[in-house]
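Visitor: Hi, I'm new to this one. Could you walk me through it?
Guide: Happy to, here it is.

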Amino acid sequence: MSREPTTPAAWAIFLTRLWGHRFPVDVRQIAFEYSRRFDDPIHTIAPAEVSTFEGALYFLPKRRAWAILYNPSISSRGRINFTLAHEFGHYLVHRRAQHSGFECGTSRVLGYDPDQAQLRLEREADRFASYLLMPLDDYRDQVRDAVISLDLLRACANRYGVSITAAALKWIEYTAECAILVVATNGFVLWCRASDAARQRRVYFGKGTPIPFGSLAARPIEAAAAPAEGRILPRGVWSPLWSCREMAILADQYEMTISLICVDAND
């Protein structure tokens, strides 16, 4: 067998070259077909009524094979698709080191985990899923020089069969703009992802930071009525140092608000 990739992104790029750009990506087909070359292939991909996880990768000793399971209570097809790709990433990158498998619960979805080593593995599986489902070259072609908006993110989410949050995280990953994605619940930040430009300016909100009262994240009714381009917020709302454009969506399943915040380049 020829030498295969070892990192999450390299695995995704390798598989994309084999299967080509057909969207949304059929994770099931790729997982079944590619894993046949190993002596411990993926035997089953199926729903499982287990409330403790969104997705799981289990070893089946009698078959010497693996099963990918997902929780059928997930209402979003995009979330299910990403979950399947995430577990396939565990299979390709991590199964040799963690033979028992993985259970990926809501703590991963919500962006926190007290076990930092486990959190690293989960982020690697997310990276694989992102690159497999949304190849960067094709994603760039979809957004190009357009002003980012919820409508544009929804179009990307529909093209790739992912959630709007996954589409927004992909944009944050490569954009040259100073921007952050803030996920909050009960009035406090759960996690934040920053673009390269935002990290350079130290624009970031740590877990537990209170959501400002004047933000869309703190006003769900106003957020739901806002245009797809969001609202311009003055200095003093998110920061005394900069004004911004905030777009916010509600994730009722997890009682979260997800805000994409673009900092004014002139501040």
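What follows is a short chat about its cores, a cavity and a few local details.

Visitor: What should I know before I start?
Guide: This is a predicted model, so local features need pLDDT of at least 70 and side-chain atom pairs count only at pLDDT 80 or more, while totals for chains, interfaces and linings use all residues. Residues are numbered from 1 along each chain as its sequence is written, and side-chain values use heavy atoms, with hydrogens and water left out.

Visitor: Which residues touch the most other members of the largest nonpolar core?
Guide: They are Leu15, Phe88, Leu92, Leu132, Tyr139, Leu153 and Val162, out of 63 residues in that core. Helix H3 gives the most to this core, with 7 residues. A nonpolar core here is a set of buried (under 20% relative accessible area, 1.4 Å probe, protein chains only) Ala, Val, Leu, Ile, Met, Phe, Trp, Tyr and Cys residues joined through side-chain atoms within 4.5 Å. Helices are DSSP runs of H or I with at least four residues, strands are E runs of at least two, and both are numbered from the N terminus.

Visitor: And what does Leu132 touch?
Guide: Leaving out residues up to four places away in sequence, Leu132 touches Ala12, Leu15, Thr16, Val25, Ile30, Ala85 and Phe88. Contact means heavy atoms within 4.5 Å.

Visitor: Switching topic: which residues of H6 are buried?
Guide: In helix H6, residues 136-143, they are Leu136, Asp138, Tyr139 and Val143. They cover an arc of only 160 degrees around the axis, which puts them on the same side of H6. That arc is taken from the directions from the helix axis to the C-beta atoms.

Visitor: What do they pack against?
Guide: The buried residues of H6 pack against H7 and H8. After H6 comes Arg144, with a positive phi near 40 degrees.

Visitor: How many cavities of 30 Å³ or more are there?
Guide: The count is 1, and the largest cavity has a volume of about 50 Å³. On a 1 Å grid over the protein atoms alone, a cavity is a set of points where a 1.4 Å probe fits but cannot get out, and lining residues have an atom within 4 Å of a point. Points are joined across faces, edges and corners, and the volume is the space filled by probe spheres set on them.

Visitor: Which residues line the largest cavity?
Guide: Among them are Leu150, Thr165, Met247 and Ser259.

Conventions:
1 Å grid on protein atoms, 1.4 Å probe; cavity = no way out; pocket = protein on both sides within 12 Å on 5 of 7 lines; lining within 4 Å. Buried < 20%, exposed > 50% of the residue type's maximum accessible area, 1.4 Å probe, protein only.
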